[in-house]
Amino acid sequence: MKIGFIGLGIMGKPMAKNLLKAGKSLVVFDVVGTAVDEAAAAGAERGASPAAVTAASDVVITMLPNSPHVREVVSGKDGIMDSVRKGQIVVDMSSIAPLVSRELCALLEGKGAEMLDAPVSGGQEKAEKGTLAIMVGGKEEVYNKVKDVLDLMGKSNYVAGIGAGQIAKLVNQTLVGINIAAVAEGMSLAKKAGVDPEKVFNAIRGGLAGGQCLEDKAPRMFEGRYNPGFRVNLHIKDLGNVQETGRALHLSMPLVAQVMEMMQNLAADGHEALDHGSLGLFYEKLNNISLKK
Ligand code: NAD
């Protein structure tokens with residue numbers, strides 16, 4: 001089975017490399033030539049455009065920034081739609097708006113092709129290790145045809161019909177954003193009360209408040225270590241998709257609105273490329289404190 005891979009950025013590059021390492025034959029495309037050069041050096045074939053990649057492969061994977069990029073690659077000039085064949089499977093692993101996944105799926109199905117949405121959680125480190133959490137939407141029988149390929153990049157879980165993988169990802173980003181803000185707010189309380197936040201962290205991490213957000217983000221706040229990780233601007237993009245989806249459903253999400261404002265404030269301060277754990281910086285500014293040791 002030949003795999004097309006479009007989008008070789010922070011995530012796509014290591015994901016493509018894991019497929020190559022597993023012995024898969026790959027044809028790749030990115031608008032950034034150096035990204036293609038690196039994949040070619042690792043053994044991939046170069047494709048001249050999304051249409052060329054699609055013509056040369058059985059399954060096409062996309063890993064792009066957001067909805068407009070995926071729409072462009074699927075239905076723009078020299079896009080996937082120009083050469084997609086009946087029965088071919090397109091797997092979009094980018095984090096985009098679920099409504100756009102459904103729209104593009106309908107287009108592809110119009111040509112007899114199939115589409116899955118399969119966004120990921122785990123970041124660059126898990127992309128490199130091949131241990132991403134992969135949330136899949138689409139037809140289950142289509143998922144079963146590509147499950148083995150997806151599981152070379154992490155652990156896939158089937159959720160429901162098209163767009164459901166993106167909904168799972170939006171739930172993930174909702175929980176993560178609110179949790180990090182909660183960590184920063186709680187640690188600010190400790191600091192302002194004159195109790196060492198790190199001692200509080202050690203006292204509570206084994207209890208109900210314990211978890212991956214606390215484990216990863218509290219030490220970052222104590223060290224002022226905000227190299228990404230997962231960038232603030234990507235989280236703003238994801239919360240935008242959460243809010244757009246929530247608005248369409250008339251769903252009230254007050255906590256997401258608050259966290260979005262905090263992240264926009266970080267971006268306004270020039271921190272959009274920092275890890276989202278930098279919500280610690282927002283609370284430091286708000287309360288005129290330092291969470292650093
Ligand atoms: P990135 O910006 O590093 O990579 C995106 C790649 O797509 C770039 O190489 C870019 O040149 C390419 N691209 C953009 N438009 C294109 C087009 N029209 N044709 C071909 N290539 C094009 O982003 P990333 O960090 O790899 O993230 C990709 C997706 O994964 C995003 O939706 C992101 O939200 C999601 N994600 C990222 C992380 C993370 O930690 N970085 C974690 C989980 C999920």
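## Helices α5 and α8

The crossing of α5 and α8 is right-handed (the near helix is turned clockwise from the far one by less than a right angle). Helix α5 spans residues 98-109 and helix α8 residues 164-192, and the two pack at an angle of about 165° with axes 8 Å apart, which makes α5 roughly antiparallel to α8 (an angle over 145 degrees). Pro98, Ser101 and Arg102 of α5 meet Gln166, Ile167 and Leu170 of α8, contact being heavy atoms within 4.5 Å.

This is a predicted model, in which local features need pLDDT of at least 70 and side-chain atom pairs pLDDT 80 or more, while totals for chains, interfaces and linings use all residues. Residues are numbered from 1 along each chain as its sequence is written, and side-chain values use heavy atoms, without hydrogens and water.

## Helices α8 and α11

Helix α8 also packs with α11, at an angle of about 115° and with the axes 9 Å apart. On the α8 side the contact includes Ile167, Leu170 and Val176, and on the α11 side it includes His235, Leu239 and Val242.

## The largest pocket

The largest pocket is lined by 50 residues, with Met11, Gly123, Gln124, Phe230 and Leu234 nearest its centre; a pocket here is an open set of points on a 1 Å grid where a 1.4 Å probe fits, with protein on both sides within 12 Å along at least five of seven lines, and lining residues have an atom within 4 Å of a point. Elements giving two or more residues to this lining include α8, α10 (212-223) and α11 (232-248).

Definitions and conventions. Axes fitted to C-alpha atoms, helices over the stretch in contact; angles between N-to-C directions. Helix = DSSP H or I, 4+ residues; strand = E, 2+ residues; numbered from the N terminus. Parallel < 35°, antiparallel > 145°, perpendicular 65-115°, else oblique.
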